[in-house]
Amino acid sequence: MTNPTTQTIGNFAGYTKNNSGVLVTASNGTLRVLIYSSSIVKISFTRDGGFDDFSYAVCEKPQPVEFAVNEDNNHLRITTSRLQVVVSKGAISIRFESLSGEIINEDETGLGTAWIGEQVTTYKKLQEGERFIGLGEKTGSLDRRGHQYQNWTTDAYGYHGGQDPLYCSTPFYIGIHHRLMYGIYFDNSYKSFFNFGASNNRFSSFSADSGSMNYYFFEGQTVSEIVSHYTWLTGRMEMPPLWSLGYQQCRYSYYPDKEVKTLAKTFREKDIPADVIVLDIHYMDKYKIFTWDPKNFSDPKGLLNFLTDEGFKVVVMCDPGIRVEEGYPAYDDGVQKDVFLKYPDGQNYSGQVWPGWCHFPDFTKADTREWWKSQLKTYTDMGIEGFWNDMNEIATWGHGLPENIEFDFDGNKATTRKGRNQFGFQMARSTYEGVKSLMNGKRPFNLTRSGYSGVQRYAAVWTGDNVSYDEHMLLGVRLVNSLGLTGIAFAGYDAGGFVGEANPKLFARWMSIAALSPFFRGHTMINTRDAEPWSFGEEVEQICRNFIRFRYQLMPYIYSLFHQAVTSGMPVQRSLTLTHPFDARVYDHQFHNQYLFGPNILVCPVESNRDVLKVFFPEGEWYSVYNGKKYQGNEEVFIECPVHRLPVFVKSGSVLPMKDVGRNVHDGSDKLVLHVYNGNEGSAFTLYEDDGETFGYQQGEHSRRTITFDASKSQLTLSKNEGAYKPGWKTVVIILHHFSKVNNSTQNEFSYFTPIVKYDPINDPEWMGSETVQSVELPYSDEQIELRLL
Ligand code: MIG
C-alpha cells in the first residue's frame, strides 16, 4: 500500500450534452454539470463514473430551463440566462462568469478538485478583497475570511467564543467580492472542512473526509436572492404556530407541577405577557422519554388544563436515548420493531446518557420514523403541541460515538461517518412529520439543537448551552444572524445564558435583545439562581416587561416577517450583509453585531455594562424608538445606551403594523395599530395574517394587505384584503411620527415603554423618553383604506 497523494480527474477528453446539463469525460474521471435553474448549477466529480445523488437536504430537481453549450479550443462554455459555467480543456478547472464575463468564482488553477485518499476537496481561487459569510452556527466574526471551520455535529456544552464545531452542520456559504457574489452549498454529510484563506493566501476550499464532490453554485445579485435560491433547493419553513413567537419560559427544570403552576400565575399577576412554559427533563420518570414522573407530575393532564386556562402552551423535552430496560414500553416496542442504530454485527448500539444505557432510534429509517410518531402520540393525545429535540448530535457520555455504527439512510446504508451530521436533522424531521400528522391540522412547534442543511423545513434551532457573559450574548446574536443567512430563519439563543449566572444588568440587556430575535426563550442551567423576568429586582423586571411587551406589540409585524421566511427564505433577523454586502463598515467588528429585525427595525446589540455605543446607520434616516430622535444614515454616531435603552431604531418612511398587548399573542384589543415614520422615501410592507394555528393558510385561508406609505403624495394606503381569511380588527389606529397635524388627528405624548419605578431622573433625565405624535382612528374594513397625511 502506497501513501495516497493528490489525485484529480485529469484532462478534458470530451463531453455530451443532455436535457439537464453536460457530462464531461476526463482522463481519470467524470465531471457532471446539472442545471437546476438559470441561477443554480450542480457540479459533481467522480473518479469511478458513479454519482451519489441521495440527499436529505435537497428537495428540488433540475428544472427545465434553456441553456446553450459552446466550445472553442480552450473551453467548454455552458450559458443560462443568468450565468456562464466555463470548463477549461486540458486539466479540468471550472469558472463561473456573469453574462458580461466577470469572474464570479473560479477554481484555483493547478489545484481544482482533488482527492487525497478518500478525502475530496475543491479549491477556489481567493479573489481580491473576497469576504465569506454564512456557514450557519459558526463562532467568530461575521466575515469568515482567514478562518477555517469543521462540520461535525457536537454537543458543545459551555462553548467559548472561538469554538468549532458546534451543534449544527450547514455547509453553505456566500462569497462576496468586486460587487459580485455567489453561494456554494457542499452537499456532503461526512465530516467536512471549509478554509477561507486560513494559513494560505491562495485559495478558499471545501473538503470532506469521504463521499462525493457534489456542490451547488448559486448566482445572485443580492444576498437575499442567494438565500432565496439556497432555500428553494433545501426547503423553507412552514408557518409556525403564532403562540411559538411569544415569550417562552424555560429552565432546567421546573418541577414539581406546583412550581410550574406558580410560574404561570406569576406571569399573569405581574402582567408580563408570555405564551409558553417549557418542561425540561425532570417531567419524565427517571429521564425516560414518553413517561411522566409519578411523584412530581402525577396529573399531567390536570397540569395541562390548568396551563391552558392560564393561556399557556407547553413544550416538552424530547431526548433520543431510549433506556435499555425491559418493561419500559418504548424500549420493548423499539426492540420488537427493530428501530435502533446498530453495530455492523447487528447488535443494537448502546450509549450512556441521562436515563443510563440507551439505544438510539435510527431516524434515517422510514420504519423508525413511523415508530417515533407512534410514541409521540402519548403527547399529542394529551394536547401537547410543542416539542424540543435535544442531545441529537448524538450526545452521549464520553462524546465518542463509534464510527462503525450503521445507519439505514433510507436504503443507502451508511456509517456514523456519513450519518452523524444527519442524525439531529432526521430526528427533527421525524418529530415534526410525526406530530404534524397527529395534530389534526394544527401546527406543531418543533425546536432542535442539532441539524443539517434543510433542517429549517422541520424545526427552529437554538444555539445550545451558551454562557452568561456579555461576549457570549453578542456571539449569540451573530450565530442567529449567520443561521439566517444559511436558511434557518427561526433561530434563537438562551436569553440570560444557560451556563453560569447573569447579573441583573446582563439579564436585562439580554432579554431586551432577545425580544427582538426570532425565537425568544429564557433558559438556565440546573442549580443556578432563578432567571425569570422578575428574578433580578424591580428595575430589571420593568425592563423585561417593557421589551417583552414591545415584542408583543410588534406581533403583526413579526408574524408577517415569518411569512416572508416561508415564501422566500428571507431571515427574520437580518445581518446587514443582506442589504449592504459591499459596505466594509458592516463587517467592522465595531458594527458586525448589528442587524435589521425585518426590513424596518435596526437593532444594535451592546454589552450590558456599556453606556455609549458607536452605531452605524445604513443610508436613509432612522428614529429612536424611545424619543423619536432622528439620525442621518450613512453615518457612525455615538448613542447612549444605558441598560434600559437598547439602541433600537426605526427606518424613516416605514410603517410598523402593531397591536395592543394582552396576556399572550392571541390576546389584545381589536385595534390594528399602524405606526408611520415620516421620511422622504416611502415604503411598502405586506401585512400577513391568518388563524395562527392551522394549515388552512396553505389553501388560501390567509389575509394579505400591502401597507404603502407614498412619501411624494404623503399618502398611506392599506390595500384591499387578499385571501379568504378575515382578520378580526374593528379599528385601525394610525400613529404618525414626525408629521404635522393632519385632518382629524389628535396629538399626544407617546411611548412604547413604561417608566421604570425606581428610575433615577437625576442621573438620566431621559429615562425612556417619549415623543409627540398625531393619531387618527378609522374603522377597519376589508376594502382599501387610505389616509392623506398632509
Ligand atoms: O445534558 O435537558 O442544551 O438546554 O436544559 C444536558 C437538560 C441536557 C442540554 C440542553 C439544555 C437542557 C439540558 N440538556
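Biologist: Where does Ile394 lie?
Modeller: Ile394 is in the loop between strand 27 (386-389) and strand 28 (406-407). Strands here are DSSP runs of E with at least two residues, helices are runs of H or I with at least four, and both are numbered from the N terminus.

Biologist: What should I know about the source?
Modeller: This is a predicted model, where local features need pLDDT of at least 70 and side-chain atom pairs count only at pLDDT 80 or more, while totals for chains, interfaces and linings use all residues. Residues are numbered from 1 along each chain as its sequence is written, and side-chain values use heavy atoms, leaving out hydrogens and water.

Biologist: Back to Ile394. What kind of peptide bond joins Glu393 and Ile394?
Modeller: A cis one, with omega about 0°. The bond from Tyr255 to Pro256 is also cis, with omega near -5°. Pro256 sits in the loop between strand 21 (248-249) and helix 2 (257-269).

Biologist: Switching to strand 8. Are its residues buried or exposed?
Modeller: Buried: five of five in strand 8 (residues 84-88). Buried means under 20% relative accessible area, exposed over 50%, partly exposed in between, with a 1.4 Å probe and protein chains only. Gln84, Val86 and Ser88 cover one face, Val85 and Val87 the other.

Biologist: How many bridges join strand 7 to strand 8?
Modeller: Five, and the two run antiparallel. Two strands pair if DSSP finds at least two bridges between them. Ile78 stands opposite Val85. The hairpin has four residues between the strands.

Biologist: What about strand 8 and strand 9?
Modeller: Four bridges, antiparallel again. Val86 faces Arg95. Five residues separate the strands of this hairpin, and Gly90 in the turn has a positive phi of about 80°.

Biologist: In what order do the six strands of the open sheet run?
Modeller: 1-11-12-19-18-14, with antiparallel pairing. Strand 1 (6-7) and strand 14 (148-151) are at the edges with a single partner each, so one side of each has no neighbour in the sheet.

Biologist: Is Ser199 buried or exposed?
Modeller: Ser199 counts as exposed because its relative accessibility is 79%. Its phi is positive, near 55°. Ser199 sits in the loop between strand 18 (192-196) and strand 19.

Biologist: Last one: how many residues of helix 7 are buried?
Modeller: 15 of 16. Gly487 follows helix 7, with a positive phi near 85°.
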